[in-house]
Amino acid sequence: MKAVVLHEIDNLDSLTDDEVPAPTIGRDELLVQAHTQAVDPVDYKIAAGMLGSEAPLILGSTVAGEVIAVGEAVTDFKVGDRIAAQVRGGANYAEQVAVPAHFAAIIPTNVSYVDAISVVLGGQTALQAINRGLNVSAGQKVLIHGGSGAVGYVAVQLALVAGAEVATTASGWGAEMLRQQFPNVQVFDYRADDFTTSLHDVDGVLDTVGSEQVLADSFKILKPSGKLASVVARQSDDPRFVRLTNKPEGAKLQVLFSKLADGTLRTVIDSTLPLNAENVRIAYAKIKAGGLHGKLVFTD
């Protein structure tokens, strides 16, 4: 089968389109014919060697496609199902991908592969942050940093669905997009606005940025009983701090797909590109430059 292979860590010029053996699946796995893969920031970090990766390797953390074989212990999926999953280290930039069944969720018939893949990683992180990390409920005040990013954009919507009063930070294109799509959300341009002068007694803060200044300012406007959940900062001496680590689960993903299907959740797609080595280089350059407006998706 065809796959995009990185032959040298931190060297995108070493990416090539190779023929590699098709994966074999275990008892609890699905074999998926891939149709889309998303570009996620963690993929760039893996390619750059920031997470201890070793070459050669096939990159990618998410996949969506059609099940073409199931392991003998799998009962919840069948050949022909449209599924998506987060499989970090799962050799996702390939024609076929082995997916542990507990990571997978069925894509509703009215949801495209492109929209489904766009929420797989960031969406699951956001769902965990809003429902578990911050336990957002109706009437609460919530600040979400980085509201135009993959995690923040879904988190803004989930907090609104929960009945919270939502504020967010962004800049440039992202800030304008959020103002247009969510008129009831207070959007702060972090390059020009000081949210600490307008917000107070906030129940929950979601940090997708991780800078010391953002954390310090966020604690200033947080209630004594509030929580600050971060997906990037590793620790804080403040007892209100909650460190979030994304734990992919098919059940969480199924919740997100249901919201896509009923229109509760929307997506923003930057562009779609055929999956090949040259387009992976282009996509990762856009990540490094901060030039993505929504999700960039690879297609078959």
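Helices (H or I, at least four residues) and strands (E, at least two) are DSSP runs, numbered from the N terminus. By that rule, Ile221 lies in helix H6 (residues 212–221). This is a predicted model, in which local features need pLDDT of at least 70, side-chain atom pairs count only at pLDDT 80 or more, and totals for chains, interfaces and linings use all residues. Residues are numbered from 1 along each chain as its sequence is written, and side-chain values use heavy atoms, with hydrogens and water left out.

**Helix H3 and its cover**

- H3 is mostly covered, with 11 of its 13 residues buried. Buried means under 20% relative accessible area, exposed means over 50%, and partly exposed is in between (1.4 Å probe, protein chains only).
- The buried residues of H3 include Leu121, Gln124, Ala129 and Gly133.
- Asn135 follows H3 and has a positive phi, near 50 degrees.

**H3 against H4**

- Two packed helices are described by the angle between their axes and the distance between the axes. Axes are lines fitted to C-alpha atoms, for helices over the stretch in contact, and angles run from 0 to 180 degrees between N-to-C directions.
- The axes of H3 (residues 121–133) and H4 (residues 150–161) come within 8 Å and cross at roughly 45 degrees. H3 is therefore oblique to H4. Angles under 35 degrees count as roughly parallel, over 145 as roughly antiparallel, 65 to 115 as roughly perpendicular and the rest as oblique.
- The crossing of H3 and H4 is right-handed. A crossing is left-handed if the near helix is turned anticlockwise from the far one by less than a right angle, and right-handed if clockwise.
- On the H3 side, the meeting residues are Gly122, Gly123, Thr125, Ala126, Leu127 and Ile130. On the H4 side, they are Ala150, Val151, Val154, Ala155, Leu158 and Ala159. Contact means heavy atoms within 4.5 Å.
- The residues of this H3 and H4 contact divide into 9 nonpolar, 3 polar and no charged. Ala, Val, Leu, Ile, Met, Phe, Trp, Tyr, Cys and Pro count as nonpolar, Asp, Glu, Lys and Arg as charged, and the others, Gly among them, as polar.

**H3 against H7**

- H3 also packs with helix H7 (residues 250–262), at an angle of about 95 degrees and with the axes 10 Å apart. The two helices are therefore roughly perpendicular to each other.
- Gly123, Gln124, Leu127, Gln128 and Arg132 in H3 meet Lys252, Leu253, Val255 and Leu256 in H7. This contact has 4 nonpolar, 3 polar and 2 charged residues.

**Aromatic pairs**

- The structure holds 4 aromatic pairs. Rings of Phe, Tyr and Trp (its six-membered ring) pair if their centres lie within 6.5 Å; planes under 30 degrees apart count as stacked, over 60 as edge-to-face and the rest as tilted.
- Tyr44 and Tyr284 form an edge-to-face pair, 6.1 Å centre to centre, with 75 degrees between the planes. Tyr44 lies in helix H1 (residues 41–47) and Tyr284 in helix H8 (residues 277–289), so the pair ties together parts that are 240 residues apart in sequence.
- Tyr44 counts as buried at 18% relative accessibility. Tyr284 is buried, with a relative accessible area of 0%.
- Phe188 and Phe195 have ring centres 6.4 Å apart and planes at 65 degrees, so this pair is edge-to-face. Both Phe188 and Phe195 are buried.

**Two buried residues**

- Gln157 lies in helix H4 and is buried, with a relative accessible area of 4%. Leaving aside neighbours within four places in sequence, Gln157 is in contact with Phe182, Thr264, Leu265 and Arg266.
- Ile221 is buried, with a relative accessible area of 3%. Its contacts, leaving aside neighbours within four places in sequence, include Leu143, Phe195, His200 and Asp201.
- Ile221 and His200 are 21 residues apart in sequence, and 4.6 Å apart in space, C-alpha to C-alpha.

**Backbone features**

- Most residues other than glycine have a negative phi, and most peptide bonds are trans.
- A cis peptide bond joins Ala55 and Pro56, with omega about 0 degrees. Pro56 is found in the loop between H1 and strand E4 (57–58).
- Asp10 has a positive phi, near 60 degrees. Asp10 lies in the loop between strand E1 (2–6) and strand E2 (15–19), and is exposed at a relative accessible area of 58%.
- Asp201 has a positive phi, near 50 degrees. At 42% relative accessibility, Asp201 counts as partly exposed.
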